[in-house]
Amino acid sequence: MVIIDSHLHVWSDDEARYPFATRPRRPGSVELLLDEMERAGVDKAVIVQPINYLYDNRYVADCLRRFPGKFAAVGLIDYKAPDAPDRLERLVREDGFGGIRFHLSREPDPAVLAAPERDPLWERARQLGACFIVLGTAERLPFLEPIIDRFPDVPVVIDHFGHVPVDEEPPRPLLGNLLRLARYPNVYVKVSNMNGMSKEPYPHRDAARIFRLVYDQFGPQRLMWGTDFPYVLDSCGYGPALALVRDHADFLTDEDKAWILGRTAAKVWKLYID
């Protein structure tokens, strides 16, 4: 089984060459990542451009060039800029990125992400075969539905279970916002940051219950596992984050695990697996 980490960040130790917009709180080089991947038996990964570099995607682009076939990547651009479609195209065609990230939680008015003004960006993504990933809290997910509906051929990946709270009281409206997106076949969900959302010790049974509900709605072929490296090193650790799905999610079949731990990410980001 090929294992792909669908969500992580890297930044260089060489701040002179790759200056930060905001300095990260811990080391996170690609070399450190590769060591963790090797120890855990993870084959490939999807690098998400860290906010620490803002729109300077050079370090991630250099990682793609240095390790061909090992990584896919998701960049950051100013998606409200008039030339945003062209910026996306340069990232995809020149640097090999697979799409960009929307920071839904950073928008004062999240409805701007689904406004008609964004249609040219989504249309360019459709033409390029690129995807969008979305970071934001679950109460904001409904704002994206109109544009997801308008562009059913553009894959949309929700980061970290949409930050659904594990202790939400019934009828769980925030969880409902996430589960409702299952009606759109182009929407995927990352099984990531379970350690961060949990209020219980490892193996985070409260987060596992959310995982099961999302699995029941989306199915394994629209879920993908991720660690949120390097932040995971400050909590449960890289290998244990993999074990949450591989060893502790007893409701999954071996076929389910093959999809969640690798095949889904390979399909979305066109990563070659045997």
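These are legends for close-up views of a predicted model. In this model, local features need pLDDT of at least 70 and side-chain atom pairs count only at pLDDT 80 or more, while totals for chains, interfaces and linings use all residues. Residues are numbered from 1 along each chain as its sequence is written, and side-chain values use heavy atoms, with hydrogens and water left out.

**View 1. The largest pocket.** Here we look into the largest pocket, with a volume of about 230 Å³. H9, I51, N52, R101 and Y231 are the closest to its centre among the 18 residues that line the pocket. A pocket here is an open set of points on a 1 Å grid over the protein atoms alone, with protein on both sides within 12 Å along at least five of seven lines; lining residues have an atom within 4 Å of a point. Grid points are joined across faces, edges and corners, and a volume is the space filled by probe spheres set on the points. Sorted by class, the pocket lining has six nonpolar, seven polar and five charged residues. For that sorting, Ala, Val, Leu, Ile, Met, Phe, Trp, Tyr, Cys and Pro are nonpolar, Asp, Glu, Lys and Arg are charged, and the others, Gly among them, are polar.

View 2. H9 sits in the loop between β1 (4–8) and α1 (30–40); helices (H or I, at least four residues) and strands (E, at least two) are DSSP runs, numbered from the N terminus. Is H9 buried or exposed? H9 counts as buried, because its relative accessibility is 6%, where buried means under 20% relative accessible area, exposed over 50% and partly exposed in between (1.4 Å probe, protein chains only). Its side chain reaches the backbone oxygen of V48 at 3.0 Å, and also makes a polar contact with the side chain of D228 at 3.4 Å. A polar contact is a pair of N or O atoms within 3.5 Å; within protein, one must be able to donate a hydrogen and the other to accept it, and residues adjacent in sequence count only if both atoms are side-chain atoms. Leaving out residues up to four places away in sequence, H9 touches R101 and Y231, among others including P50, F229 and P230; contact means heavy atoms within 4.5 Å.

**View 3. Strand β3 and its partner.** Strand β3 (residues 71–74) is covered on both faces, with F71 and A73 buried on one side and A72 and V74 buried on the other. Strand β2 (residues 44–48) pairs with β3 in the parallel sense over four bridges; two strands pair if DSSP finds at least two bridges between them. Look for I47 opposite A73 in β3.

**View 4. The largest cavity.** A search of the whole structure turns up two cavities of 30 Å³ or more, a cavity being a set of grid points where a 1.4 Å probe fits but cannot get out. The largest cavity holds about 50 Å³ of space. Which elements each supply at least two residues of its lining? They are β7 (187–192), α7 (194–197), β8 (223–226) and α9 (238–246). Among the residues lining the largest cavity are W225, M194 and L244, and the lining divides into five nonpolar, five polar and no charged residues.

**View 5. The second largest cavity.** This one has a volume of about 40 Å³. M194, P203, R205, A208, F211, L244, H248 and A249 line the second largest cavity. Helix α8 (residues 205–218) gives the largest share of that lining, three residues. By class, there are six nonpolar residues, one polar and one charged.

View 6. Most residues other than glycine have a negative phi, and most peptide bonds are trans. The peptide bond from Y202 to P203 is cis, with omega near 15 degrees, and P203 is in the loop between α7 and α8. H204 is in the loop between α7 and α8 and has a positive phi of about 55 degrees, though it is not a glycine. At 7% relative accessibility, H204 counts as buried. Another cis peptide bond joins F229 and P230, with omega about 0 degrees; P230 lies in the loop between β8 and α9. K270, not a glycine, has a positive phi of about 55 degrees. K270 belongs to the segment after α10 (254–269) and is exposed, with a relative accessible area of 60%.
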